[in-house]
Amino acid sequence: MVGIIETERQLPIRDNPDLESFDIISAYHKLLADDPELTMPVAAIEALIEALSQSSAKTVFETMDLIKTQSAKLRNAVRNPIALTHGTDLFQQYLVLSLKQPGPDGKETSSHENFEVVRQHLMRNGRLFAQRAKLARENIATIGREYIRDNYTILTHGGSRVVGTLLGRAAESIPGDARRRFKVIHVMNEARRTESNRVVAALRAKGVQVATIPESAAAYSMGRVNMVIVGAEAVTANGGAISRMGTYQLALLAKTLNKEFYVAAEQHKFGKTFPVDQFDLGFKQDMINFHASKTQEDGKDAIQPIVDPVDYTPPEFITSFFSDNGVLTPVVVAGKIIELMY
(Lines give C-alpha, C1' and ligand atoms only; values in the text may rest on other atoms or scores of the structure.)
Protein backbone atom coordinates (compact mmCIF):
# COMPACT_ATOMS: atom_id res chain seq x y z
CA MET A 1 0.00 0.00 0.00
CA VAL A 2 3.09 2.20 -0.22
CA GLY A 3 2.40 5.30 -2.24
CA ILE A 4 -1.36 4.98 -1.92
CA ILE A 5 -1.75 6.31 1.60
CA GLU A 6 -0.80 9.95 1.31
CA THR A 7 -0.66 12.84 3.70
CA GLU A 8 -3.98 14.64 3.55
CA ARG A 9 -3.60 17.86 1.61
CA GLN A 10 -4.71 20.90 3.61
CA LEU A 11 -6.26 23.52 1.36
CA PRO A 12 -6.51 27.08 2.66
CA ILE A 13 -10.00 28.34 3.42
CA ARG A 14 -10.19 32.00 2.50
CA ASP A 15 -12.51 34.52 4.06
CA ASN A 16 -12.82 36.83 1.05
CA PRO A 17 -11.61 34.92 -2.01
CA ASP A 18 -12.07 35.74 -5.66
CA LEU A 19 -13.43 32.55 -7.22
CA GLU A 20 -13.23 34.12 -10.67
CA SER A 21 -9.46 33.65 -10.54
CA PHE A 22 -9.84 29.90 -9.96
CA ASP A 23 -9.73 27.72 -13.08
CA ILE A 24 -11.30 24.37 -12.22
CA ILE A 25 -10.40 22.89 -15.61
CA SER A 26 -6.71 23.61 -15.09
CA ALA A 27 -6.95 22.31 -11.54
CA TYR A 28 -8.52 19.06 -12.78
CA HIS A 29 -5.83 18.46 -15.41
CA LYS A 30 -3.06 19.35 -12.97
CA LEU A 31 -4.38 16.82 -10.45
CA LEU A 32 -4.31 14.09 -13.10
CA ALA A 33 -0.83 15.11 -14.28
CA ASP A 34 0.62 15.30 -10.76
CA ASP A 35 -0.76 11.94 -9.64
CA PRO A 36 -0.82 9.14 -12.26
CA GLU A 37 -2.69 6.93 -9.77
CA LEU A 38 -5.65 9.30 -9.64
CA THR A 39 -8.83 8.30 -11.49
CA MET A 40 -10.93 10.84 -13.39
CA PRO A 41 -13.88 10.77 -10.95
CA VAL A 42 -11.60 11.36 -7.95
CA ALA A 43 -9.71 14.12 -9.77
CA ALA A 44 -13.06 15.80 -10.45
CA ILE A 45 -14.02 15.51 -6.77
CA GLU A 46 -10.72 16.97 -5.60
CA ALA A 47 -11.03 19.82 -8.12
CA LEU A 48 -14.48 20.62 -6.72
CA ILE A 49 -13.08 20.62 -3.20
CA GLU A 50 -10.42 23.11 -4.30
CA ALA A 51 -13.16 25.28 -5.80
CA LEU A 52 -15.09 25.07 -2.54
CA SER A 53 -11.98 26.15 -0.63
CA GLN A 54 -11.78 29.28 -2.81
CA SER A 55 -15.43 30.20 -2.33
CA SER A 56 -17.03 32.62 0.11
CA ALA A 57 -20.41 30.89 -0.12
CA LYS A 58 -22.38 31.42 3.09
CA THR A 59 -25.51 29.36 2.49
CA VAL A 60 -26.46 25.85 1.40
CA PHE A 61 -28.01 27.26 -1.78
CA GLU A 62 -24.85 29.19 -2.69
CA THR A 63 -22.69 26.15 -2.04
CA MET A 64 -24.80 23.80 -4.16
CA ASP A 65 -25.06 26.38 -6.93
CA LEU A 66 -21.27 26.72 -6.90
CA ILE A 67 -20.75 22.95 -7.14
CA LYS A 68 -23.27 22.60 -9.98
CA THR A 69 -21.72 25.49 -11.93
CA GLN A 70 -18.17 24.21 -11.52
CA SER A 71 -19.27 20.65 -12.38
CA ALA A 72 -20.83 21.91 -15.61
CA LYS A 73 -17.57 23.67 -16.53
CA LEU A 74 -15.68 20.41 -16.11
CA ARG A 75 -18.18 18.42 -18.15
CA ASN A 76 -18.10 20.91 -21.01
CA ALA A 77 -14.30 20.91 -21.13
CA VAL A 78 -13.81 17.24 -22.07
CA ARG A 79 -15.05 15.24 -25.03
CA ASN A 80 -15.97 12.19 -22.94
CA PRO A 81 -17.46 13.47 -19.66
CA ILE A 82 -18.94 10.20 -18.30
CA ALA A 83 -16.30 9.23 -15.71
CA LEU A 84 -15.89 12.84 -14.62
CA THR A 85 -19.66 13.27 -14.31
CA HIS A 86 -19.96 10.20 -12.11
CA GLY A 87 -17.45 11.81 -9.75
CA THR A 88 -19.15 15.21 -9.63
CA ASP A 89 -22.61 13.63 -9.20
CA LEU A 90 -21.34 11.49 -6.33
CA PHE A 91 -19.80 14.50 -4.61
CA GLN A 92 -22.99 16.52 -5.01
CA GLN A 93 -24.96 13.69 -3.46
CA TYR A 94 -22.45 13.49 -0.63
CA LEU A 95 -22.86 17.21 0.00
CA VAL A 96 -26.65 17.01 -0.05
CA LEU A 97 -26.65 14.23 2.55
CA SER A 98 -24.06 16.00 4.71
CA LEU A 99 -25.85 19.34 4.59
CA LYS A 100 -28.98 17.70 5.96
CA GLN A 101 -27.13 16.97 9.20
CA PRO A 102 -27.63 19.37 12.16
CA GLY A 103 -24.93 21.87 13.01
CA PRO A 104 -22.69 21.74 16.11
CA ASP A 105 -25.38 23.31 18.31
CA GLY A 106 -28.18 21.13 16.99
CA LYS A 107 -29.67 23.82 14.76
CA GLU A 108 -30.31 23.40 11.07
CA THR A 109 -27.14 23.33 8.96
CA SER A 110 -28.41 26.24 6.92
CA SER A 111 -28.50 28.55 9.94
CA HIS A 112 -26.07 31.43 9.53
CA GLU A 113 -24.08 30.75 12.73
CA ASN A 114 -23.51 27.10 11.89
CA PHE A 115 -22.96 27.04 8.18
CA GLU A 116 -19.30 28.06 7.99
CA VAL A 117 -18.31 25.53 10.67
CA VAL A 118 -20.19 22.77 8.88
CA ARG A 119 -18.80 23.87 5.51
CA GLN A 120 -15.22 23.54 6.72
CA HIS A 121 -16.07 20.18 8.25
CA LEU A 122 -17.52 19.05 4.90
CA MET A 123 -14.41 20.16 3.03
CA ARG A 124 -12.10 18.21 5.29
CA ASN A 125 -14.34 15.16 5.11
CA GLY A 126 -14.45 15.62 1.36
CA ARG A 127 -10.68 15.29 1.21
CA LEU A 128 -10.91 12.18 3.33
CA PHE A 129 -13.58 10.86 0.97
CA ALA A 130 -11.26 11.34 -2.01
CA GLN A 131 -8.38 9.64 -0.18
CA ARG A 132 -10.53 6.66 0.75
CA ALA A 133 -11.57 6.37 -2.88
CA LYS A 134 -7.92 5.79 -3.79
CA LEU A 135 -7.64 3.07 -1.15
CA ALA A 136 -10.55 1.23 -2.78
CA ARG A 137 -8.11 -0.21 -5.31
CA GLU A 138 -6.33 -2.15 -2.59
CA ASN A 139 -9.61 -3.41 -1.15
CA ILE A 140 -10.62 -4.70 -4.57
CA ALA A 141 -7.26 -6.44 -4.95
CA THR A 142 -7.76 -8.22 -1.63
CA ILE A 143 -11.25 -9.34 -2.64
CA GLY A 144 -10.40 -10.27 -6.22
CA ARG A 145 -7.36 -12.43 -5.48
CA GLU A 146 -9.68 -14.97 -3.84
CA TYR A 147 -11.15 -15.70 -7.27
CA ILE A 148 -7.80 -16.40 -8.92
CA ARG A 149 -6.71 -20.03 -8.70
CA ASP A 150 -3.38 -21.70 -9.32
CA ASN A 151 -2.81 -22.58 -12.98
CA TYR A 152 -5.48 -20.14 -14.17
CA THR A 153 -4.99 -18.24 -17.40
CA ILE A 154 -6.49 -14.76 -17.20
CA LEU A 155 -7.18 -12.52 -20.16
CA THR A 156 -7.16 -8.75 -19.81
CA HIS A 157 -6.47 -5.62 -21.84
CA GLY A 158 -5.73 -1.94 -21.41
CA GLY A 159 -3.91 -0.27 -18.56
CA SER A 160 -6.50 -0.39 -15.77
CA ARG A 161 -4.81 0.51 -12.48
CA VAL A 162 -7.27 -1.50 -10.43
CA VAL A 163 -6.80 -4.63 -12.59
CA GLY A 164 -3.03 -4.20 -12.46
CA THR A 165 -3.16 -3.91 -8.67
CA LEU A 166 -5.46 -6.95 -8.37
CA LEU A 167 -3.24 -9.18 -10.50
CA GLY A 168 -0.11 -7.87 -8.84
CA ARG A 169 -1.40 -8.62 -5.34
CA ALA A 170 -2.54 -12.09 -6.42
CA ALA A 171 1.07 -12.80 -7.41
CA GLU A 172 2.30 -11.89 -3.91
CA SER A 173 2.30 -13.95 -0.74
CA ILE A 174 0.48 -12.56 2.27
CA PRO A 175 0.39 -13.98 5.81
CA GLY A 176 -1.65 -17.17 5.73
CA ASP A 177 -2.19 -17.09 1.97
CA ALA A 178 0.38 -18.20 -0.60
CA ARG A 179 0.86 -16.38 -3.90
CA ARG A 180 -1.25 -17.51 -6.83
CA ARG A 181 0.58 -19.09 -9.75
CA PHE A 182 -1.24 -17.99 -12.87
CA LYS A 183 -0.63 -16.76 -16.40
CA VAL A 184 -1.93 -13.68 -18.15
CA ILE A 185 -2.86 -13.09 -21.77
CA HIS A 186 -2.72 -9.35 -22.40
CA VAL A 187 -4.55 -8.05 -25.46
CA MET A 188 -2.44 -5.22 -26.88
CA ASN A 189 -3.84 -2.07 -28.44
CA GLU A 190 -1.26 -0.50 -30.73
CA ALA A 191 -2.57 2.99 -30.00
CA ARG A 192 -1.96 2.44 -26.27
CA ARG A 193 1.11 0.19 -26.39
CA THR A 194 3.05 2.21 -23.80
CA GLU A 195 0.22 1.79 -21.30
CA SER A 196 -0.01 -1.96 -21.94
CA ASN A 197 3.77 -2.39 -21.76
CA ARG A 198 3.74 -0.82 -18.29
CA VAL A 199 1.17 -3.33 -17.03
CA VAL A 200 2.96 -6.28 -18.64
CA ALA A 201 6.34 -5.24 -17.23
CA ALA A 202 4.91 -4.84 -13.71
CA LEU A 203 3.41 -8.35 -13.79
CA ARG A 204 6.56 -9.96 -15.18
CA ALA A 205 8.57 -8.24 -12.45
CA LYS A 206 6.45 -10.19 -9.95
CA GLY A 207 7.16 -13.48 -11.69
CA VAL A 208 3.90 -13.72 -13.67
CA GLN A 209 4.17 -15.27 -17.12
CA VAL A 210 2.50 -12.94 -19.63
CA ALA A 211 1.70 -13.49 -23.29
CA THR A 212 0.90 -10.44 -25.40
CA ILE A 213 -1.44 -10.81 -28.38
CA PRO A 214 -2.96 -8.42 -30.93
CA GLU A 215 -6.66 -7.63 -30.70
CA SER A 216 -7.28 -9.75 -33.79
CA ALA A 217 -6.17 -12.86 -31.83
CA ALA A 218 -8.64 -12.43 -28.95
CA ALA A 219 -11.16 -14.97 -30.29
CA TYR A 220 -8.39 -17.43 -31.16
CA SER A 221 -6.98 -17.20 -27.61
CA MET A 222 -10.23 -17.25 -25.64
CA GLY A 223 -10.36 -21.06 -25.60
CA ARG A 224 -7.24 -21.12 -23.40
CA VAL A 225 -8.69 -18.66 -20.89
CA ASN A 226 -10.26 -19.43 -17.48
CA MET A 227 -11.54 -15.93 -16.78
CA VAL A 228 -11.49 -12.38 -18.14
CA ILE A 229 -10.83 -9.39 -15.87
CA VAL A 230 -11.16 -5.83 -17.18
CA GLY A 231 -11.42 -2.38 -15.67
CA ALA A 232 -13.98 0.35 -16.28
CA GLU A 233 -14.11 4.11 -16.66
CA ALA A 234 -17.67 4.11 -15.38
CA VAL A 235 -20.33 1.71 -14.12
CA THR A 236 -23.82 2.39 -15.43
CA ALA A 237 -27.11 2.57 -13.56
CA ASN A 238 -28.28 -0.78 -14.95
CA GLY A 239 -25.12 -2.65 -13.91
CA GLY A 240 -23.25 -2.32 -17.19
CA ALA A 241 -19.74 -0.96 -17.76
CA ILE A 242 -18.20 1.73 -19.93
CA SER A 243 -14.59 0.94 -20.61
CA ARG A 244 -11.76 1.10 -23.13
CA MET A 245 -12.85 0.33 -26.71
CA GLY A 246 -12.59 -3.40 -27.26
CA THR A 247 -14.01 -4.43 -23.89
CA TYR A 248 -17.43 -5.18 -25.34
CA GLN A 249 -16.06 -7.52 -27.97
CA LEU A 250 -14.10 -9.41 -25.29
CA ALA A 251 -17.35 -9.74 -23.31
CA LEU A 252 -19.16 -11.07 -26.39
CA LEU A 253 -16.43 -13.66 -26.95
CA ALA A 254 -16.38 -14.67 -23.29
CA LYS A 255 -20.17 -15.11 -23.27
CA THR A 256 -20.08 -17.23 -26.42
CA LEU A 257 -17.43 -19.54 -24.97
CA ASN A 258 -18.90 -19.61 -21.43
CA LYS A 259 -15.97 -17.82 -19.81
CA GLU A 260 -16.45 -15.79 -16.64
CA PHE A 261 -16.18 -12.05 -17.29
CA TYR A 262 -15.36 -9.80 -14.32
CA VAL A 263 -15.18 -6.01 -14.13
CA ALA A 264 -12.98 -4.46 -11.43
CA ALA A 265 -14.26 -0.99 -10.54
CA GLU A 266 -14.27 1.28 -7.51
CA GLN A 267 -17.60 2.51 -6.15
CA HIS A 268 -16.77 6.12 -7.02
CA LYS A 269 -17.18 5.09 -10.68
CA PHE A 270 -20.83 4.11 -10.13
CA GLY A 271 -23.29 6.58 -11.61
CA LYS A 272 -26.62 7.42 -13.24
CA THR A 273 -25.54 6.94 -16.86
CA PHE A 274 -27.99 4.53 -18.54
CA PRO A 275 -27.10 3.92 -22.21
CA VAL A 276 -29.45 2.06 -24.52
CA ASP A 277 -26.67 0.98 -26.88
CA GLN A 278 -23.16 1.89 -28.08
CA PHE A 279 -24.37 5.13 -29.65
CA ASP A 280 -26.27 6.41 -26.62
CA LEU A 281 -23.38 7.44 -24.38
CA GLY A 282 -24.23 11.14 -24.41
CA PHE A 283 -21.27 12.28 -26.52
CA LYS A 284 -19.95 11.65 -30.03
CA GLN A 285 -16.91 9.46 -30.61
CA ASP A 286 -16.97 9.75 -34.43
CA MET A 287 -15.49 6.28 -34.84
CA ILE A 288 -17.52 5.59 -37.99
CA ASN A 289 -16.95 8.20 -40.70
CA PHE A 290 -17.89 7.45 -44.31
CA HIS A 291 -15.87 9.00 -47.14
CA ALA A 292 -16.06 8.67 -50.90
CA SER A 293 -12.28 8.96 -51.34
CA LYS A 294 -8.98 8.77 -49.49
CA THR A 295 -8.53 12.49 -50.15
CA GLN A 296 -11.70 13.28 -48.20
CA GLU A 297 -10.66 10.97 -45.37
CA ASP A 298 -7.27 12.67 -45.00
CA GLY A 299 -8.53 16.21 -45.63
CA LYS A 300 -8.12 18.96 -43.07
CA ASP A 301 -11.91 19.20 -42.65
CA ALA A 302 -12.31 15.48 -41.91
CA ILE A 303 -13.88 14.68 -38.54
CA GLN A 304 -11.35 13.18 -36.16
CA PRO A 305 -12.38 10.28 -33.92
CA ILE A 306 -11.99 10.64 -30.18
CA VAL A 307 -8.46 9.91 -28.89
CA ASP A 308 -9.49 7.45 -26.16
CA PRO A 309 -12.63 5.70 -27.42
CA VAL A 310 -14.82 3.62 -25.11
CA ASP A 311 -17.59 1.11 -25.52
CA TYR A 312 -20.50 -0.09 -23.43
CA THR A 313 -20.78 -3.64 -22.07
CA PRO A 314 -24.39 -4.45 -21.08
CA PRO A 315 -24.97 -6.19 -17.72
CA GLU A 316 -26.00 -9.52 -19.27
CA PHE A 317 -22.39 -10.05 -20.41
CA ILE A 318 -20.86 -9.42 -16.96
CA THR A 319 -20.49 -12.23 -14.42
CA SER A 320 -19.80 -9.93 -11.46
CA PHE A 321 -18.04 -6.76 -10.37
CA PHE A 322 -15.03 -6.76 -8.08
CA SER A 323 -15.78 -3.62 -6.04
CA ASP A 324 -14.64 -2.15 -2.75
CA ASN A 325 -18.01 -3.30 -1.36
CA GLY A 326 -17.38 -6.92 -2.32
CA VAL A 327 -18.17 -9.11 -5.31
CA LEU A 328 -21.45 -7.82 -6.74
CA THR A 329 -23.67 -9.07 -9.53
CA PRO A 330 -24.89 -6.47 -12.05
CA VAL A 331 -28.36 -6.56 -10.43
CA VAL A 332 -26.88 -5.76 -7.02
CA VAL A 333 -24.74 -3.01 -8.54
CA ALA A 334 -27.85 -1.42 -10.04
CA GLY A 335 -29.48 -1.49 -6.59
CA LYS A 336 -26.37 0.09 -5.02
CA ILE A 337 -26.47 2.93 -7.53
CA ILE A 338 -30.11 3.62 -6.70
CA GLU A 339 -29.16 3.79 -3.01
CA LEU A 340 -26.22 6.09 -3.72
CA MET A 341 -27.75 8.51 -6.19
CA TYR A 342 -31.47 8.74 -5.42
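The model is predicted, so local features need pLDDT of at least 70 and side-chain atom pairs count only at pLDDT 80 or more, while totals for chains, interfaces and linings use all residues. Residues are numbered from 1 along each chain as its sequence is written, and side-chain values use heavy atoms, with hydrogens and water left out.

**Exercise 1.** Describe the largest pocket by its volume and its lining.

*Solution.* Step 1: a pocket is, on a 1 Å grid over the protein atoms alone, an open set of points where a 1.4 Å probe fits, with protein on both sides within 12 Å along at least five of seven lines; a cavity is a set from which the probe cannot get out, and lining residues have an atom within 4 Å of a point. Grid points are joined across faces, edges and corners, and a volume is the space filled by probe spheres set on the points.

Step 1: the volume of the largest pocket is about 930 Å³. Its lining has 35 residues, and Met40, Arg161, Arg192, Glu233 and Arg244 are the closest to the centre.

Step 2: helices (H or I, at least four residues) and strands (E, at least two) are DSSP runs, numbered from the N terminus. Among the elements giving two or more residues to this lining are helix H1 (24-34) and strand E6 (241-244). H1 provides the largest share, three residues.

Step 3: Ala, Val, Leu, Ile, Met, Phe, Trp, Tyr, Cys and Pro count as nonpolar, Asp, Glu, Lys and Arg as charged, and the others, Gly among them, as polar. The lining comprises 12 nonpolar, 10 polar and 13 charged residues.

**Exercise 2.** Describe the second largest cavity by its volume and the classes of its lining.

*Solution.* Step 1: the whole structure holds two cavities of 30 Å³ or more.

Step 1: two lining residues are nonpolar, six are polar and none is charged.

**Exercise 3.** State how the axes of H1 and helix H3 (residues 60-76) cross, and which residues meet.

*Solution.* Step 1: axes are lines fitted to C-alpha atoms, for helices over the stretch in contact, with angles from 0 to 180 degrees between N-to-C directions. The axes of H1 and H3 come within 9 Å and cross at roughly 65°.

Step 1: with contact meaning heavy atoms within 4.5 Å, Ile24, Ile25 and Tyr28 of H1 meet Gln70, Lys73 and Leu74 of H3.

**Exercise 4.** Explain why the salt bridge of glutamate 266 and arginine 137 ties together separate parts of the sequence.

*Solution.* Step 1: a salt bridge is a side-chain nitrogen of Lys or Arg within 4 Å of a carboxyl oxygen of Asp or Glu. The structure holds 15 salt bridges.

Step 1: the side chains of glutamate 266 and arginine 137 form one at 3.8 Å, N to O. Glutamate 266 lies in the loop between strand E7 (260-264) and helix H10 (294-298) and arginine 137 in helix H5 (residues 112-144), so the pair joins parts 129 residues apart in sequence.
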